[in-house]
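User: I'd like to go through the charged side-chain pairs in this one. Can you take my questions as they come?
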Amino acid sequence: MAADLSGKDVERAQFVFSIYDSDGTGAVDCCELGGVLRALNLNPTCATIEKLGGTKKKGEKKLTLDEFLPIFSACKKDKDQGVYEDFLECLKLYDKAENGTMLGAELSHTLLSLGERLEDKEVDEVLKDCLDPEDDEGMVQYVPFLQRMCGKIPLKDGTRATGGE
């Protein structure tokens, strides 16, 4: 076990791990590592997940809870994660009128081209779930979008995102 995790952290990790243990064998497929970490309110990059042992294909490798806890601990300490405030500062760069809005097309382009790029289908799904409709000028409110993305307010369907804090 990871000695630097609190009892509450271990308890949360056990609960989330049990949810991802779909076949009840006490192990989680390594292709689910990113999902498990995100469900624990972490926001690892794809590169971090891969570095920590995550795989792209199902069935390549499994992970027990005892193997996962040091990974969880390492990811908690990793500073290579975005947080709400970082994302907000980034989107403010596109707010030319400084009124909390940006062009919806710029938001879509940003998601497609900056950082770890998303696929068109992924961007469409994120925008559908988290973005309010554009106004007549094509502008969107980026703060509510970002709050939904980071799980600070519920998604349109009432559920919560499992992104960073």
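User: Which helix do Asp-9 and Arg-12 lie in, and how many residues apart are they?
Analyst: In this predicted model, both residues belong to helix α1, which covers residues 7–20, and they sit three residues apart, about one turn of the helix. Their side chains form a salt bridge in which the closest N and O atoms are 3.3 Å apart.

User: Is Asp-9 buried or exposed?
Analyst: Asp-9 counts as buried because its relative accessibility is 9%, under the 20% cut-off, whereas Arg-12 is partly exposed at 28%.

User: Which residues are linked with Lys-76 in a network?
Analyst: Lys-76 is linked with Asp-9 and Arg-12 in a network of salt bridges.

User: Switching topic, how many salt bridges does the structure hold?
Analyst: The structure holds nine salt bridges, and one of them joins the side chains of Glu-89 and Lys-92, with an N to O distance of 3.4 Å.

User: Where do Glu-89 and Lys-92 sit?
Analyst: They are in helix α5, residues 84–92, and being three residues apart they are separated by about one helical turn. Glu-89 is partly exposed at 48% relative accessibility, and Lys-92 is likewise partly exposed, with a relative accessible area of 40%.

User: And what about Asp-132 and Arg-148?
Analyst: Their side chains meet in a salt bridge at 3.1 Å, N to O. Asp-132 lies in the loop between α7 (120–130) and β4 (139–141) while Arg-148 lies in helix α8 (residues 142–149), so the pair ties together parts that are 16 residues apart in sequence. Asp-132 is partly exposed at 28% relative accessible area, but Arg-148 is buried at 12%.

How values were computed
Residues numbered from 1 in each chain as written. Predicted model: local features only at pLDDT ≥ 70, side-chain atom pairs only at ≥ 80, totals over all residues. Heavy atoms only, no water. Salt bridge = Lys/Arg side-chain N within 4 Å of Asp/Glu carboxyl O. Helix = DSSP H or I, 4+ residues; strand = E, 2+ residues; numbered from the N terminus. Buried < 20%, exposed > 50% of the residue type's maximum accessible area, 1.4 Å probe, protein only.
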